[in-house]
Structures are given as C-alpha cells and as structure tokens.
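Here is a short briefing to keep beside the structure as you look through it. It begins with a strand pairing and then turns to the chain contact.

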Amino acid sequence: MTQPFDDSQRLLDSVKQAVAQKRQLSILGHGTKAHYARSTHGDALQSRDHVGVIEYQPDELTISVRAGTPLTVIAETLDQHNQMLACDPPRFFGGGTIGGAVASGLSGPGRPWYGNLRDAVLGVEMINGLGERLTFGGSVMKNVAGFDISRMMVGSLGVFGVILSVNLRVHPKPEIERTISLDLNWDDAWSVLCETIAKPTAVTATCYWSGSLYLRLAGNRASVEEACSSFPSNTEIENDVWVHLRDHEHSFFQSSEELRRTWLGRGLQPQIENDESNLIEWAGAQVWSFKVHGDSAALGQRISSEPFNRSSAAPSTESKYMRRLRRAFDPHQLFNSDLLL
Amino acid sequence: MSLEFAIELIKSTLPRDCVLTDATATTPFETDGLTAYRQRPPVVALPRDTNDVRQVLRICHETGVPVVTRGAGTGLSGGALPLENGVLLVLTKMNRILEVDETGCTATVQPGVTNLSISDAVADKGLYYAPDPSSQIACSIGGNVAENAGGVHCLKYGLTLHNVLGLKVQTIEGDELTLGGNGYESSGIELIPLFVGSEGMLGVVTEITVKLLPSPPCKEVLLGAFDDVESAGECVAAIIARGVVPAGLEMMDALAIQAAEDFVHAGYPRDAATILLCEVDGTKEQVRSDVTLIRQLMETNGAVNIRSASEPDERDLLWQGRKAAFPAVGRISPDYYCMDGTIPRRFLGKILSSIALLAAKHELRVANVFHAGDGNLHPLILYDASDDEQLHRAERLGVEILELCVAVGGTVTGEHGVGVEKLDPMCSQFSTPELEQFFRLKEVFDTSGLMNPGKAIPTLAHCSEIKGMHVHGGKLPFPELDRF
C-alpha cells in the first residue's frame with residue numbers, strides 16, 4: 001500500500017476528462033475526515049494511490065511528498081533522522097494522507113508553539129480546474145516569488161484544485177518530552193496558561209479538562225527537568241495523552257452529540273464552568289464542547305464557534321472575493337462544488 | 001486627462017499638506033531602495049488614516065488611475081517605484097501603535113510604524129517582534145507585509161508571514177477585508193498568505209496585528225572562521241542535522257568580511273575565507289548545551305578560529321559587522337547591486353564557484369553575504385552606475401546568478417520581492433499557465449488592474465521577449481557552466 005507510486009498522469013487525465021465532459025469531482029484521500037468535510041458531488045477522484053516521499057533532505061529540514069502519502073509513513077520517515085512534522089496534524093482513525101491534512105488544515109495540540117501546517121508548507125504542485133499542472137512555492141525556506149498560492153491551499157478543502165505534492169519544512173525532535181498533570185481550578189490554570197505564551201518556557205502543548213491541567217514540556221534534559229521542578233506537586237503522566245487528544249480518541253471526545261470547536265483570541269480567558277463539558281487546548285485559544293451543553297456564547301469573546309463540520313459551514317463575510325477566487329482556479333466548478341467556504 | 005482629474009479630486013479630499021505635486025516635494029519619492037530605477041511621481045498622497053486611504057482608492061477606481069502603495073521606501077526590488085501616470089500612496093503618516101495586548105502577546109499597528117519601534121514599544125514587557133530585516137530602523141511594517149520581509153532570525157522565528165495574525169485590507173472596489181484576528185486560526189479560507197508578500201498588487205493593508213514573542217533569557221553568538229567555503233557549508237549542515245535550530249546562522253565571504261571589518265571593526269578575522277556567525281537563544285540550560293555542541297561541530301568541520309560572545313555588547317558588535325555588510329560594501333564600490341536568490345543549501349559550494357566564474361566573465365567583483373541557515377544568498381555585485389555599460393553587465397550577471405538558483409531548485413527572490421527588478425528571472429521560474437494563474441488571482445481583488453500594475457508578475461509578452469533574448473537556437477546561455 002505504501003510503495004511509492006506516481007499516479008499524477010491518471011489524476012491529470014481525470015481532471016481533463018471532467019472538464020471535457022462537464023462532470024464534477026470530489027477529491028478523496030483516506031476519507032478519515034469525512035465527519036469534518038466531505039464532498040459528495042460528482043465522481044470520486046482518489047488521490048490515495050499517488051504515494052511516496054519524493055525527496056527528503058534532513059539537514060535542510062525539508063521533505064517533499066506526494067499527496068496520497070499516509071501521515072504515518074511521513075512520521076516514520078522523519079523519525080529515522082529524529083525529525084518531525086511539528087504541527088502534528090490529526091490522524092483520525094489512525095489514518096489520513098498529507099493531501100487531506102493540507103486540504104483540511106487541522107493542527108494538533110502544539111499549534112501555538114510549533115505553528116500550523118500553513119507555516120510548514122514551502123511549496124505545492126497542483127492541478128487547477130483547467131486541467132493545468134502548476135507548481136507554486138518551492139523547497140526552500142524563503143521564497144517570495146509570485147503570490148503565495150501554496151500556503152493558501154492549506155484549509156481550502158480542495159476547492160482550488162487537486163494537490164499532487166507538497167514540500168514541507170520539518171523540525172528536529174526535542175531531546176526529551178515529558179507530560180505533567182496539575183490539579184488546578186480554572187482560574188489558577190489560566191494563570192499558568194498565560195505564562196506559557198508570555199514567558200519563554202519549555203511548554204509545547206497544553207490541555208485543561210475536568211479540573212486537571214496537562215502540560216507537555218520539551219527541550220534538552222536540563223531545561224525540561226528545570227521546568228518540571230518549577231511546578232510543585234505535579235504528577236508525571238504518559239506522553240500518549242497528546243496523541244489521543246490530537247486524534248480525538250481521548251475519552252472527552254467519546255460522545256454521540258455534535259462536537260463544537262470554538263476559537264478565541266490570544267489572552268482571552270474562556271468563561272467555562274468547572275466541569276467536564278469543555279476541553280481547552282492551545283493555551284485557551286481552542287475550546288471543544290458538545291452541543292448538549294448549550295449556549296457557547298458563555299465561552300466569552302470568541303472568533304468563531306461552530307460545529308466541527310465544515311461541510312455545512314455558512315459562507316464567510318468575504319464571500320464575494322471567495323467566489324471569485326474559486327472561479328480564478330476552478331472556472332467550471334469542478335472540485336468539491338458542494339463544499340462552502 | 002483622467003490623471004489630472006484624479007489629482008484635483010485628491011486635492012479636494014485630503015488636507016493640503018497630505019498631497020504633494022511640486023517636483024521639489026515629490027522627487028524624494030522617485031525611487032525606493034533599488035536606486036537604479038527612478039520615476040518622479042506626478043502626485044504623492046499621504047493619508048492620515050484608513051478613511052483617507054479609502055478615499056484615494058475610490059478616486060483611483062472611479063478615474064481609472066493606477067496606484068502604487070509605498071511605506072518607508074527601503075524595499076530593494078523597486079516594488080514602490082512610482083508610475084509616470086499613477087498616484088503614489090505613501091503610508092508613513094499612519095504610524096501609530098493602536099493596541100498592545102500584554103496577556104495575549106499581540107500588537108495591532110498601522111502600516112507606517114517602523115519594524116524596530118514595535119520591539120522598542122514592548123521591550124519593557126519582556127516582549128519583542130521577531131522578524132528583523134537589516135533595514136529595521138527605517139523600514140515600515142506595512143512594507144514588511146507587502147514583501148514578506150525576512151531577516152537574520154527567520155530560520156527559527158519565521159518570516160513576516162509567520163508573525164502576522166491579522167490584517168485589515170482595503171480593496172480598490174471599496175471593500176474592507178478583515179483577515180485573521182488575534183487568534184491562531186480563523187474560520188474559512190486563510191487569505192493572509194496571499195496578501196503577505198503580494199507587493200501592493202491586491203489591496204492596501206491599513207492595520208496589522210502581529211505576534212509578539214517573549215525575549216529569550218539567554219543568548220550567545222559564536223563566530224567560526226574557515227579556510228574554505230565548503231567546510232563552513234558542511235558545518236552548517238552538521239549543526240542542523242544534530243537538531244539545533246539556531247536563532248541566526250549567517251555566512252560571509254572574504255570580500256564581505258574585509259569590507260565589514262574595515263567599516264565597523266567587529267574583530268572579524270580579515271584573513272579568513274569564510275566566517276559563520278551562529279546565534280543560539282533560549283533558557284540558560286538550552287543555550288549552554290547548544291553552544292558546547294556547536295563549538296564542537298565547528299572544530300570538527302575545520303574552523304581555524306572560534307570566538308564566542310555572551311554579553312550584549314560583544315554580541316551586538318559581532319552582529320554589527322553582518323548587519324552593516326551592505327553599507328560596508330558600498331564603501332568599496334561606487335554602487336552595488338544586491339541579489340536575493342535562495343537555494344537548497346547543499347548546492348552552496350557549487351553556486352559560489354559558479355558565481356565566481358560568472359563574475360570573472362563579466363569582469364565584475366562579487367561579495368557574498370548569506371543567510372546560511374535558510375539558503376538565502378545575497379551576492380552583492382560591485383559596479384559603477386555612472387558607466388551605463390557596467391550597469392548593464394551587472395544586471396546581466398544578476399540575472400544569470402538567479403537563473404542558477406532556479407536551476408538547482410531554488411527561487412529568484414527569498415525576501416526582497418520581485419518588484420520591477422526580477423521580472424526577467426520570474427520568466428525562468430514560472431511557466432505560462434502559472435503566470436496566467438497569478439494574473440487571474442490578481443483580478444479577483446483588482447478587477448480593473450490598477451493596483452501597482454507592471455510589478456511582481458511579468459506579462460506573457462514580457463517573458464516571450466526575454467526568452468527570445470536568452471535562448472538562441474535552443475541552447476541555454478553559457479553552456480560551459482554546470483547546471484547541476
């Protein structure tokens with residue numbers, strides 16, 4: 001399944017054929033994020049066979065991969081050189097491709113400290129709605145030639161075209177990682193969270209749930225030990241908790257109710273009850289909750305609060321430009337045409 | 001006619017001191033940091049606030065007059081070069097820091113605020129704004145956004161793009177777009193990457209929210225001198241491979257070292273072929289272990305001389321030589337032409353030898369300054385602008401250097417932008433459908449093509465002219481050069 005294979009010609013032919021026959025396409029990788037955003041209009045265009053690491057240069061901190069490459073394969077490849085994809089995109093159901101990760105733009109619990117996938121993208125190769133194979137960006141860290149189309153692809157849900165390959169910046173893994181848990185009420189936890197943004201600390205992920213604050217501390221041994229000792233009465237727990245949170249396998253996420261995601265501005269304390277109904281990540285900037293717990297306005301001043309399901313998202317305020325932008329890439333509305341922006 | 005009408009309308013809308021039309025007043029705006037190109041603007045508008053910007057854009061939209069937006073004018077690619085028939089919109093009066101949020105570590109500023117003044121304003125809170133282009137004393141944050149400016153600390157802290165959280169943009173049609181905000185993500189498609197680095201081609205940025213970082217408690221700079229460029233290059237690769245991401249990692253060649261040393265007396269070894277400057281920052285424990293490792297790697301990769309500086313004064317002195325490298329080179333030549341190609345770092349040795357060959361062919365000297373950590377090269381071509389023929393040779397050499405960068409998988413511009421300067425090499429980096437896609441994208445936000453027209457993206461007609469010039473009988477120029 002993970003043998004490198006260049007399926008780009010078939011993908012290109014399929015798009016050209018769709019243009020000629022005026023048919024629509026829904027782009028599909030592993031399909032692990034169907035609950036988040038899944039197009040059902042048109043013929044399925046499978047990118048999962050377009051697989052493989054095209055080039056990996058550990059000492060340049062760059063990797064170039066085909067869109068169908070599983071996230072697990074990328075992680076294993078990077079691990080051989082003690083490197084990682086810092087933004088740590090979710091692997092729901094243990095799967096997912098890099099193309100799907102780029103299209104959905106989701107980030108793991110380390111987002112405020114390690115950046116998101118957009119920050120890591122250096123270049124893309126894509127097929128637009130005219131059936132043209134285009135390359136934007138490159139494989140170098142700094143590149144300001146032309147508009148930054150490659151980073152715009154992150155989170156675009158495939159509406160601009162089919163991603164063929166992605167060049168990414170990678171990060172060295174920290175020497176050690178440790179996770180501690182602190183029993184704190186929400187106000188005290190909030191003070192700790194503010195410090196993780198305003199002060200140089202070893203913290204690289206946070207989560208507050210059910211009266212406990214989890215902190216991931218990373219760096220060299222001396223600085224992580226120093227950081228651990230600065231939190232009195234902490235309990236060390238397994239690092240796995242971050243994988244469970246990232247992939248929504250943590251017990252909090254086990255509910256049949258509708259999952260909501262709320263984003264807040266940095267430094268704004270979410271107003272929550274001290275109960276199990278909210279799980280707070282990203283130093284307070286991302287709050288998960290279930291519809292059953294009612295009015296999310298209680299969360300305070302927020303950027304957005306919506307179901308974790310982009311398929312039904314309302315058009316954004318910049319929708320006039322969004323429609324034009326979509327037409328600029330996909331004049332025949334070929335790709336994922338039922339997904340709104 | 002429409003230009004004159006537009007000027008009258010602007011004069012009747014903005015206060016008198018915000019509109020310049022006299023040659024004596026407008027001449028200082030005829031060029032930006034790329035002084036080889038000059039065009040006196042027929043009118044300079046200096047808006048006081050967002051509303052003034054909207055008025056000027058509305059007038060340009062209604063009269064069909066193009067508009068070029070400019071900040072402090074320190075750009076190095078001619079992006080703010082005025083048009084003979086257009087309005088120059090200069091945002092330097094909009095220079096207020098609107099809000100600093102100490103808890104969330106963000107600052108919301110107007111575009112005319114200088115880069116360094118953001119860090120100065122928040123220093124007492126233990127915060128700073130990370131991107132630090134060499135012109136940071138003078139350059140404006142609006143210009144940084146337009147160019148996606150870098151600096152010596154991008155390897156660890158990213159470009160302007162990575163440090164901008166929100167933008168307010170005015171379009172020529174009269175809409176205000178609010179992109180991002182003060183959080184990490186925002187709903188819908190992220191347009192911030194499109195506007196950062198768009199060189200004034202899509203809209204006018206009137207408000208910027210940036211991320212502030214906590215100042216690292218500990219910093220140390222190491223200087224390693226090497227007898228040859230290759231060893232220094234291998235040392236850089238070794239540092240990164242061992243998992244250290246330095247805050248800054250810079251390389252200079254012999255000519256640049258000598259010029260900088262004669263200028264600022266930083267204590268650089270004048271006889272070295274190359275020096276590496278490496279800054280690490282973080283907690284005391286982290287810095288201590290990184291410095292030990294880097295020193296070891298410098299030694300094993302053949303450094304002949306290693307110095308370290310942990311006190312602020314000593315560190316600043318070492319950086320001063322690097323940051324003053326451009327003016328230092330300016331002292332040893334009447335003019336210099338600064339290139340900005342980026343390459344995958346492993347090709348450094350080959351590129352530098354090729355640059356030396358090309359320079360010899362064109363009978364020009366080149367000093368090399370290099371953001372070694374991220375592969376961004378700044379060859380400085382020394383020439384005399386009073387000699388037209390020399391300028392022509394310098395430009396030819398520049399284009400050929402950039403073609404080499406593209407040939408090894410790099411780019412024609414890492415952080416200075418395309419502007420008017422790199423339109424030719426853009427033709428070698430992008431295909432016809434790619435350029436057409438760029439133009440379709442520009443049209444989304446600028447339907448009438450009035451925002452900084454003629455910059456950043458070459459027209460297809462331009463490229464076909466260029467290609468005719470470069471390729472004769474299907475042969476690449478200078479076939480004797482290795483294309484790797």
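This is a predicted model: local features need pLDDT of at least 70, side-chain atom pairs count only at pLDDT 80 or more; totals for chains, interfaces and linings use all residues.

Leu20(B) has Val44(B) of β2(B) as its bridge partner.

- β1(B) and β2(B), the latter spanning residues 43-45, are joined by two bridges in the antiparallel sense.
- These strands belong to an open, four-stranded sheet of chain B with mixed pairing, ordered β1-β2-β4-β3.
- At the edges sit β1 (19-20) and β3 (67-70) of chain B, each pairing on one side only.
- Helix α3 of chain B, residues 50-63, lies across β2, β3 and β4 (87-90) of that chain and runs at about 165° to β4(B).

**Extent of the interface**
- Chain B brings 89 residues to the contact, and chain A brings 68.
- About 6,400 Å² is buried between the two chains, with 60% of that area coming from carbon and sulfur atoms.
- Tyr184(B), Glu185(B) and Ile189(B) supply 14% of what chain B buries against chain A, more than any other three residues.

**Polar and charged links**
- Ten salt bridges are found across the interface of chain B and chain A.
- Glu185(B) forms a salt bridge with Arg111(A), where the closest N and O atoms are 2.5 Å apart.

**Chain B's side of the contact**
- Helix α17 of chain B (residues 432-445) gives the most to the side touching chain A, with ten residues.
- By class, that side has 37 nonpolar, 33 polar and 19 charged residues.

Key:
Residues are numbered from 1 along each chain as its sequence is written. Chains are lettered from A and ligands numbered from 1 in the order in which they are written. Side-chain values use heavy atoms; hydrogens and water are left out. Two strands pair if DSSP finds at least two bridges between them. Contact means heavy atoms within 4.5 Å. Axes are lines fitted to C-alpha atoms, for helices over the stretch in contact, and angles run from 0 to 180 degrees between N-to-C directions. Buried area is the accessible area (1.4 Å probe) that two parts lose on being put together, summed over both. A salt bridge is a side-chain nitrogen of Lys or Arg within 4 Å of a carboxyl oxygen of Asp or Glu. Ala, Val, Leu, Ile, Met, Phe, Trp, Tyr, Cys and Pro count as nonpolar, Asp, Glu, Lys and Arg as charged, and the others, Gly among them, as polar.
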